[in-house]
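Please find below a short note for a colleague who is new to this structure. The points are numbered and may be read in order.

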Amino acid sequence: MAKKEHISETQATQLLRKHKIAFSEHPYPYEEHGGTGVSARELGVAEHHVVKTLVMQDEAAKPLIVLMHGDCKVSTKNLARAIGCKSVEPCKPEVATRHSGYMIGGTSPFGTRKAMPVYVEQGILALETIYINGGRRGFLIGIAPQVLLDVLAAKPVQCALAD
């Protein structure tokens with residue numbers, strides 16, 4: 001029985017399969033602190049098409065997820081303004097892990113431990129295919145950006161800064 005490389009299920013892939021969402025699987029050799037530059041290089045895609053999943057919090061320490069182009073940073077000022085908060089800041093790694101249930105470097109917006117509001121940089125929705133973490137370090141999935149709206153009810157925002 002010939003089989004392609006088996007990738008173990010994650011919370012993210014289980015959720016997508018449950019919703020009958022088509023996605024492609026892209027395992028790659030994970031590099032500590034390599035970020036989206038490494039995954040883009042390993043997959044041979046533009047870093048702009050690799051989407052970072054960032055767990056942040058507002059001034060009341062309420063967690064939220066921001067999906068951003070791999071080659072951009074989040075303007076926390078613009079994000080806070082867009083979502084009607086006083087301030088937004090990244091969560092500390094251990095706090096982000098507690099909220100999402102994922103290890104840093106393997107955070108997916110799908111199948112998080114806690115339900116959190118999801119915000120997506122507007123430009124991501126214009127791409128044909130995006131590559132986003134599949135719930136484990138060294139594992140991206142390719143999906144249509146529309147899935148972010150359909151499955152996560154992500155709200156479009158404009159808060160990208162060129163990196």
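**Notes on the predicted model**

1. In helix 1 (residues 11–18), the buried residues include Ala12, Thr13, Leu15 and Leu16; buried means under 20% relative accessible area, exposed over 50% and partly exposed in between, with a 1.4 Å probe and protein chains only. They lie on the same side of helix 1 because they cover an arc of only 160° around the axis, the arc being that of the directions from the helix axis to the C-beta atoms. Helices (H or I, at least four residues) and strands (E, at least two) are DSSP runs numbered from the N terminus.

2. This is a predicted model, in which local features need pLDDT of at least 70 and side-chain atom pairs count only at pLDDT 80 or more, while totals for chains, interfaces and linings use all residues. Residues are numbered from 1 along each chain as its sequence is written, and side-chain values use heavy atoms, with hydrogens and water left out.

3. The buried residues of helix 1 pack against strand 7 (130–136), strand 8 (139–143) and helix 5 (146–152). Just after helix 1, Lys20 has a positive phi of about 55°.

4. Strand 2 (residues 50–58) is largely enclosed by the rest of the structure, because 7 of its 9 residues are buried. It pairs with strand 7 in the parallel sense over 2 bridges; pairing requires that DSSP finds at least two bridges between the strands. Here Val51 stands opposite Ile132 of strand 7.

5. Strand 2 also runs antiparallel to strand 3 (residues 63–69), joined by 7 bridges, with Leu67 as the bridge partner of Thr53.

Definitions and conventions. Contact means heavy atoms within 4.5 Å.
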